[in-house]
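Work through the exercises below with the structure open. Each task is followed by a solution in steps.

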Number of protein chains: 6
Amino acid sequence: MQKKGSRALYIGRFQPFHKGHLKALYWILERENEIIIGIGSAQFSHTLKNPFTLGERIEMIYSVLKQENLLTRAVIVGIPDTDNQHSIWVSLVKSFSPRFEKVYTNDPLSRQLFEENNIPTSGIPFFKRDIYKATKIRELMISDQPWEDLVPQPVAKIIKEINGVERLKKIAGSLTPQQY
Amino acid sequence: MQKKGSRALYIGRFQPFHKGHLKALYWILERENEIIIGIGSAQFSHTLKNPFTLGERIEMIYSVLKQENLLTRAVIVGIPDTDNQHSIWVSLVKSFSPRFEKVYTNDPLSRQLFEENNIPTSGIPFFKRDIYKATKIRELMISDQPWEDLVPQPVAKIIKEINGVERLKKIAGSLTPQQY
Amino acid sequence: MQKKGSRALYIGRFQPFHKGHLKALYWILERENEIIIGIGSAQFSHTLKNPFTLGERIEMIYSVLKQENLLTRAVIVGIPDTDNQHSIWVSLVKSFSPRFEKVYTNDPLSRQLFEENNIPTSGIPFFKRDIYKATKIRELMISDQPWEDLVPQPVAKIIKEINGVERLKKIAGSLTPQQY
Amino acid sequence: MQKKGSRALYIGRFQPFHKGHLKALYWILERENEIIIGIGSAQFSHTLKNPFTLGERIEMIYSVLKQENLLTRAVIVGIPDTDNQHSIWVSLVKSFSPRFEKVYTNDPLSRQLFEENNIPTSGIPFFKRDIYKATKIRELMISDQPWEDLVPQPVAKIIKEINGVERLKKIAGSLTPQQY
Amino acid sequence: MQKKGSRALYIGRFQPFHKGHLKALYWILERENEIIIGIGSAQFSHTLKNPFTLGERIEMIYSVLKQENLLTRAVIVGIPDTDNQHSIWVSLVKSFSPRFEKVYTNDPLSRQLFEENNIPTSGIPFFKRDIYKATKIRELMISDQPWEDLVPQPVAKIIKEINGVERLKKIAGSLTPQQY
Amino acid sequence: MQKKGSRALYIGRFQPFHKGHLKALYWILERENEIIIGIGSAQFSHTLKNPFTLGERIEMIYSVLKQENLLTRAVIVGIPDTDNQHSIWVSLVKSFSPRFEKVYTNDPLSRQLFEENNIPTSGIPFFKRDIYKATKIRELMISDQPWEDLVPQPVAKIIKEINGVERLKKIAGSLTPQQY
């Protein structure tokens, strides 16, 4: 367990931010004083894998942090993808984020890239991985099944306000054989 | 049916422009006064899905418009892809095109993006979809089957002049397991 | 003088398209059968030097070609800038444009780039250069002096419809010492 | 004065965030319920005009918001520059930011771009403009004059920790005639 | 067989450079006086298909050329990918490389692109294709099987120094179903 | 003085490579075992400041290294510019270059960027700075004065073969007030 005074980066795409992410956040905050929530693939949206814009994801996470009284310990940043030019990604992260000493993520490639740059990394235990999983939540949305209980309440509220489920269904429709 | 004086955008990739596209063009011109033909994925070429350059596609469509005496009612523009950064695509379209009030396309994602930007969209009826289909025409070219009758005559002429079929076959050959 | 059947590229930024450009167009059409009007710096707009978007410039030039009954001999294409990566610019032009045999422009760098690629170029005589000059027309707009007579009538109409003069004045205001 | 429940965007480059920016923040918060602080030219750093990275600027502003107990009413986002491709910038801002109804800035071009997109804008009164001005603060740093009192205390602390003044002096040294 | 005094370009990705590549090099040097080794997909790394950076690949190939006493006849250059914007790739190659008269490669698309630009190309005979093949070497690395004998000795040495096999395994681990 | 076995990076734009650069090369080789010659602003060409392409500069330097029998101790790499996104430049350099322990350059910004990344740097003594200076050599070329003696003989030969002086003059002509 890291000593207090520390600041760590927690990276995900948060499409959308769900209750598993929130549990992970609390788990990291037991180990670190401050947390930077790094929203990856920042520039993408309106795809099956990345339906929500960076701004929408910031709005969702900010509203959760506010409700949970975590704003004094967590700050949100957007981290663009560099396609497959992975060798510059860590320096991009470092320049887009407040300083940090450690990175929390379960993605092997991200961990490899940070370790090659001498930045320590750690995995995060999964919380009910079979149900709290963004891929699954997006599938529930597309197939008109209930998904609201899998995300914090402010996230569900925002997704409804922006007609997020309708958007996701339209995107899914685009993946059928091309029409023009 | 839209009132006269109107101008609409018709978006496609036109790889290549075939007789189904031409029928769609006439169908839209019954409903609109002027049409902007937006050639999507403008920057791509020499792939199986996008064999022809923007310039070659402009030349093909311009030659058809000339033959059909449609040049006073139709103008051609190129529209680059933004990869998966879809949130900026509509503003890119708007800045690369003359003003328009409506968009005609059958692609659900494109329609979703325009609708989110408060621009009305409409689908287009297909015309003998089983035969007038760019994917199929490219397959005919690769397998040395007759394709010329599926495109307007000036399009066939240009494809021959630029050795388009030979190019497509070479590209198809590149997709076999990598050779170096 | 080039033989008939030929097609040439005429490159400019057309910010805006003025009567000097129109005269140049007629001068080239005496020498060539078809002309491609290449609108350079396609991606830029809302600057002092490039106030109008590509789409607005296409709309202006198309409306002039229509009025002059030149649509069967002239086609419009947009040509993006490659910043200072000049070595790829000619291949970009070639892929964004119908085929051409010759380039008309007065810019020495553009001529050098085409000549290095074995494409012949030619200058264009200026027509009343002291008054038909885009830089000067933009200055007149900013200083509230009459400019309408220097551009073809459909161009003036469009600039008014899009509040182009107001835009240019706002942009000029941005160039005073930075305010935040 | 705008009604409560509103959310507005306040755009600047914050190189660095100074006491004039903090006063502007309070002035806007009298008029709006929530504020989004948009850090412009996000991708740039290590230049005379933009010495600090986005991450450093986020860290500075976050520490000020924390000290001022403003974290429940203000969220920070980074906004990349689009060079001179201004026509897509507003859609980029919208996709990188939570939803907002109004924009506060003193930059005429930014106001023009938002107004063309039907988003209302407002200027901000300057607070002791002769002394609270980022350009001047950077000049003081370069010439070894006192600057600490012009920025909130947490900002001064961070600039010292990252050796920001030394960096700025090195950058200034780079602008003498080129040495290789 | 080409006459002496000639210079040719040999293009590959060299992920990694193996004994088949070295044999190809000697085969080309029987036909040409000088060879330019063009390392394609220069900007990519840390993927299954492109695990090594351009710099690592240059270091590998340079060390082989040194051992083989070939430095006076071979020079190394990096060639970035242009995604699917293939129409500008040849001009990019030409501007990133010393002058050459011919291209050696077995990739049909590359050959097509050079031929369209009037640059002659030639295939290269494969040498024990079933064992000297980069895809297979990377698979051996991932599955902990012996691979060292398939590459020149200096290449094996560098891959070990940079922990290349460990990197490749981590990357392979990233391709299991996404974990956040 | 660094111990043998070391490898260092020497960065410049080499527009063109002159005798001062060659002296610097020898001076560094007294201190290091191997040298990587990093050609900066790799993607630019055909400007007053960067007239020659990366490929032309590689050809010039390679021919000098060959003549000086330095090929076993020096390797050439191209390093693209990142505009003003300086925070990622060092990681780009590291991924485009073989491994190195130290950087030689006289540019304060480059030194600052490497030092911030914990890579030691060193300046290089100038050799007859008043005459061996690329800016001056380009001015001599433009004004038709003798410049050949200021560069190694193989460099002069290549510049003549590619008509480099004529190119530079054409570029200089482009900088007179814009002509369209």
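**Exercise 1.** Is helix α3 (residues 89–96) of chain B mostly covered or mostly uncovered, and how many of its residues are buried?

*Solution.* The model is a predicted one. A residue counts as buried if 20 or more other C-beta atoms lie within 10 Å of its own. By this criterion eight of the eight residues of α3(B) are buried, and the helix is mostly covered. Those residues are W89(B), V90(B), S91(B), L92(B), V93(B), K94(B), S95(B) and F96(B). Next, find what they pack against: within chain B, the partners are β2 (34–39), β3 (74–78) and α4 (108–116). Other chains take part too, with α2 and β3 (74–78) of chain C and α3 (89–96) of chain D.

**Exercise 2.** Describe how helices α2 and α6 of chain C cross, and list the residues that meet.

*Solution.* Start with the axes: those of α2(C) (residues 54–67) and α6(C) (residues 153–161) come within 8 Å and cross at roughly 150 degrees. The crossing is right-handed. From α2(C), the residues in contact are E56(C), E59(C), M60(C), S63(C), V64(C) and Q67(C); α6(C) contributes P154(C), V155(C) and I158(C). Sorted by class, this contact has five nonpolar, two polar and two charged residues.

Notes. Residues numbered from 1 in each chain as written. Chains lettered and ligands numbered in written order. Predicted model: local features only at pLDDT ≥ 70, side-chain atom pairs only at ≥ 80, totals over all residues. Axes fitted to C-alpha atoms, helices over the stretch in contact; angles between N-to-C directions. Helix = DSSP H or I, 4+ residues; strand = E, 2+ residues; numbered from the N terminus. Left-handed = near helix turned anticlockwise from the far one by under 90°. Contact = placed C-beta atoms within 7 Å. Nonpolar A, V, L, I, M, F, W, Y, C, P; charged D, E, K, R; others polar. Buried ≥ 20, exposed ≤ 12 C-beta atoms within 10 Å, placed from the backbone.
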